[in-house]
Amino acid sequence: MEAPPPQQQEEQQRGGGDGGRYGVLLYYKYAEVPDAAALAAFYEAHCRALALVGRVRVGPDGVNATLGGRMAALEKHIAELSSNSLFDGTDFKLASCEDPVDERVARECGFTSLSVRVVKELVTLCSNPTSAPPEISGAGRHLSAAEFHSVLQNVAKMSLDADAPSEKKEVVVLDARNVYETRIGKFNVPNVETLDPEIRQYSDLPSWIDEHTEKLRGKSILMYCTGGIRCEMASAYIRSKGEGFENVFQLYGGIQRYLEQFPDGGYFEGKNFVFDHRISVGSLKENVLGTCLICGSSYDDYSSRCRCSHCRMLVLVCPTCQDSAREYICELCQKNGKQLNQISPQSSQISPRHDCGIQLELSSGVGKTSSSNQFATSEFPRSNGTEQLKKLRILCLHGFRQNASNFKGRTSALAKKLKHIAEIVFIDAPHELPFVYQPVQGYCSDMPSPPSVTAKQKFAWLISPNSSCQAKQDWKVADAPFDPLQYQQQTEGFEESYTFIENVISQMGNFDGVLGFSQGAAMAALLCRQQQKTYGSPKFRFGIFCSGYPAPVGDFDSKPVNLPSLHCFGNREGHDRQIANRASIELAGLFKQDCCSVIEHDMGHIIPTRPPYIDQIKDFLANFQ
């Protein structure tokens, strides 16, 4: 018998074999990892040798993995990890399935390549990483699928028994998943209250818990999620509240283990949303819980990957309505008053009035649209490197005498490097600047002519006193030679810019982070400071400040800005001739130092995109995915 070709031998050695069944493996393990980088390197080599795809997150607190490949390869992977004491007691959830057939869905779910990343924590419960996460040792008690089902069964019976003690009826079921997951499947127990927080992302859960403590206090809380990991931190957070919150239980292995134990669905209705190419997994019931966002008909298929035009969350839209509509507003954005005509994915434009000192003018909640590229978005296909599907949304503030369009062009290399991580949204500042030029005297003329090119609108977040901000001007000669320290005199215009940005956030939905360049970085810092004063904390999860400086507007009080921040600027060798190195250092000092990172480079007044600087930016952003 002839030996198989070398390539086929290699595939068999890796577990590919001769067309063996495809499978998906989910597992997590909370344990102290002494050397996360070394473990990540092992995963990188081991998984590639087995031709596995998917994502692995390694942190000092453990490992979280979702992998796809041939069943034989996945079984080899499990065997390898089982020989390591670090993974003692790990619940390896392995399921066979069909090969990925939709390349677009597989790519978006991260199932066309392998992604191994070192992170600070396996799941981010709190949106502000400066808040200490709860101790995982305080997590709720694990209940097996059979135990969870039995408790639900007994509670349902007691609820029908009028003579049962009232304290035995005080049980609530809490879903720890996002609203796009609960739309298509959830537990439904007769006469038992099931709480659906209706959150966009996991990091919103603590706020919901804080706002609904009275619904939870003194009750036995049964929690569940997809595979169990989100309940670990969330249950620990609830129990950390102390007296009245001791009785918290979680479904061990999540919905996946429950449906394996109860293939008819048990008390679970609909489908289990999963973060791989399968999209969802149902039971033998085959009932449809979801409905089309547009027409309300029964529908639970996310394969079309339709998304909300505002917050980019997945929405359910049936094929018929997909043919008649191209923009969608999710139920959460609708509750916040968002409307379809507030954003156009095709043009990605939004325009305030550009009169200096006048706030964004709204008409039915909409700024006037224009062709000036007032609102520009770096659009890329979304991928889902974690349990959170959407990429990070970053609001980008350009520098002085720039606009959204040209700054988007100048940062195209950055957007390309971050295309799988972030969606960058560019906006114009509200203060329109005059068209000025520096004259170059010719030997045959005492009156230099203005540039022959058509002037393009330029804007600013902060302006000098008595600045002219009249639109539709012709070119004029600058009043004085260029002054690299002009930013020190730009003390006005903050209130208008702050109001404008708040309106943008209100219209477009929340952003994960803010990125500012030069004067935009100064404005971003002022924005975060003002939000902290007004709301108690900034609205962003992080900030990136490139070539920034502390603007001479108001006073930063003694309390630092409580926001994880990355400050990127030229080093002490004078490579940034626009903003002094010491000014950028001073700005960094105004932020909370235990979550403040600094990158100094030698590339001038730009945002660097070459290694190692771009890798450091990616590492910073990875903390928030």
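This is a predicted model: local features need pLDDT of at least 70, side-chain atom pairs count only at pLDDT 80 or more; totals for chains, interfaces and linings use all residues.
View 1. Helices (H or I, at least four residues) and strands (E, at least two) are DSSP runs numbered from the N terminus. Residues are numbered from 1 along each chain as its sequence is written, local features need pLDDT of at least 70, and side-chain atom pairs count only at pLDDT 80 or more, whereas totals for chains, interfaces and linings use all residues. Side-chain values use heavy atoms, with hydrogens and water left out.

**View 2. The buried and exposed faces of H2.** Ala 36, Leu 39, Ala 40, Tyr 43, His 46 and Cys 47 are buried in H2 (under 20% relative accessible area, with exposed over 50% and partly exposed in between, for a 1.4 Å probe and protein chains only). Because they cover an arc of only 135° around the axis, they lie on the same side of H2, the arc being that of the directions from the helix axis to the C-beta atoms. Ala 37 and Ala 45 are exposed on the face turned away from that buried side.

**View 3. Cysteines without a disulfide.** No disulfides are found in a search of the whole structure, a disulfide being a pair of cysteine sulfur atoms within 2.5 Å. The closest cysteine sulfur to that of Cys 231 belongs to Cys 225 and is 3.6 Å away, too far for a bond. Cys 231 counts as buried, because its relative accessibility is 0%.
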